[in-house]
Amino acid sequence: MNATDNTVRTEIAGSQIGLPAAAQHLGAVPASQQIEISIYLRPHHHHDQALTGSVEERRHALRKQRETAHKADFRHVEEFLAAHGLTVVAVDPARRMIRAAGPASAMDTAFSTELHMYEEHGHRYHGRSGGLKVPNHLHGIIESVLGLDGRPVAHTRIVRPRVAQPGGVEPNRLAALYGFPNGVDGSGVTIALIELGGGFRTSDTTQAFSSMKLTPPRVIAVSVDGGVNDQSGSNADGEVALDIQVAGGVAPGAEIAVYFAPNTDAGFADAISQATHDATNKPSVISISWGSAEDAWQTQAVTTMNSVMQEAAALGISIYVAAGDNLATDGETDGAAHVDFPASSPFATGCGGTQITVSGDSITNEVVWNDTTSGTGGGISDLFAVPAFQAHVTLPPSVNAGHVGRGVPDVAGNAAPASGYVVVVDGQTEVVGGTSAVAPLWAGLTALINQKAAKPVGFLPDALYAAIASNTALTTQITQGNNRPQGSTIGYDAGPGWNACTGLGRPNGQALFDALAGTAMV
């Protein structure tokens, strides 16, 4: 850090972060190494007027509002960056975001930090510890500075069976088992998939849809912060394939835009933000199958991802997020329960997992997915209070300290590897599971509804929690099972009404279509 910079500074709220615990320290980042960051400005909610009309009309209106409301804020931040030898790469008023680049030494001085190199599981990245500081006059303007720490922030939510499973269910067959409507295919709707690694092969998509006897959807790759459709055979390929083949198997007429971003706090936030404000591909539904336990996140990253998802809800965009595959502990070993973020965001629809038993053309039994070592995430948030849409739902107290908070998940669907999905990955047909499949499943159903709805479904919980109070046929409640790890008392039971394993239950497709297609609420 440059000791001659005597500007009075204030720490950015939530920017504190600890040293990477499991990584090897390699030394300071070379002074000349180029670093790119994303700076998000605080939203001016008092300037953001109520948005109406189609998603595209709302996107246009919000952009125009923010071009005016944030004009002075952008100027102040750009002047600060220039004074520290940093280059503005892009300014996007709608997203409240500035992308900036420059040498590590300039980043150190600008934000009162010191960047170091680390290696973890063969992956090298730059990182930091402590907080970030900016001049006092920017403290009320800047919401977050992301990208100064490149440690991986999220994991896929796909699970392969310990023993190869025969059979499995193809995505379009599961849609039929769940009573998804006929006569609609999602035409005219774009589904966004957020991917923090891996890639897809057109040959896999062609093979999978040929097996389902469907015409393959149009699938396009969108680069975020340099992320690419990596076809080199990454472990994350299964995640990407599952997302495409489930969303497309449910809604083959929809266009699928796959947003590839680095697995960092900046990459994750930027991917959601780019999809939300993408006026070219125009998604009205976003599916996310990546996440981590709430306590693994830097607070400023949570703040920005949450504010971006709030924007998506205001624009009429639906966001579905996998609730995790490591039961009530979310894979943590501290003796406490944890829920997964961003599934726990009060502006996302969290998606839990079930296991189905099928006979012929019907489901004969459906229970909570729990394989003793893997299974659906779910519980009570440690970060978020009870949102308005859950105000009239009976939520259990947290098994940690007895507090009440945002309940996760909201909905559920088939996720157990034992009743998993047939997918094609890198030329091989296999059966996989995970709550990763449930987010694109609900995203595909929403695309079917949006095709015919007068208004986009938008933020589903606002409509679903209210509607289900008088029409319980919209979902099938899952009342058997729990999400406790084997030998543990940490977790929650299923039961009638909302529960912390499967939320309001799995979809009854035609009933949801009938309820929402003509009167979709935002």
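Which residue in E7 is the bridge partner of His116? That partner is Gly127.

This is a predicted model, so to speak: local features need pLDDT of at least 70, side-chain atom pairs count only at pLDDT 80 or more, and totals for chains, interfaces and linings use all residues. Residues are numbered from 1 along each chain as its sequence is written, and side-chain values use heavy atoms, with hydrogens and water left out.

Back to the strands (DSSP runs of E, at least two residues, numbered from the N terminus, as are helices, H or I, at least four residues). E6 (residues 116–120) and E7 run antiparallel and are joined by five bridges. They sit in an open sheet of three strands, ordered E2-E6-E7 with antiparallel pairing (two strands pair if DSSP finds at least two bridges between them). Strand E2 (24–28) and strand E7 (123–127) are the edges, each with a single partner strand, so one side of each has no neighbour in the sheet.

Now the salt bridges (a side-chain nitrogen of Lys or Arg within 4 Å of a carboxyl oxygen of Asp or Glu). The whole structure has 19, including these:

| Pair | N to O |
|---|---|
| Glu311 and Arg66 | 2.8 Å |
| Asp225 and Arg99 | 3.6 Å |
| Arg201 and Asp426 | 3.5 Å |

Burial goes by relative accessible area: buried is under 20%, exposed over 50%, partly exposed in between (1.4 Å probe, protein chains only). Glu311 and Arg66 are both buried. Arg99 is buried at 9%, while Asp225 is partly exposed at 28%. Arg201 is partly exposed at 28%, and Asp426 is partly exposed at 26%.
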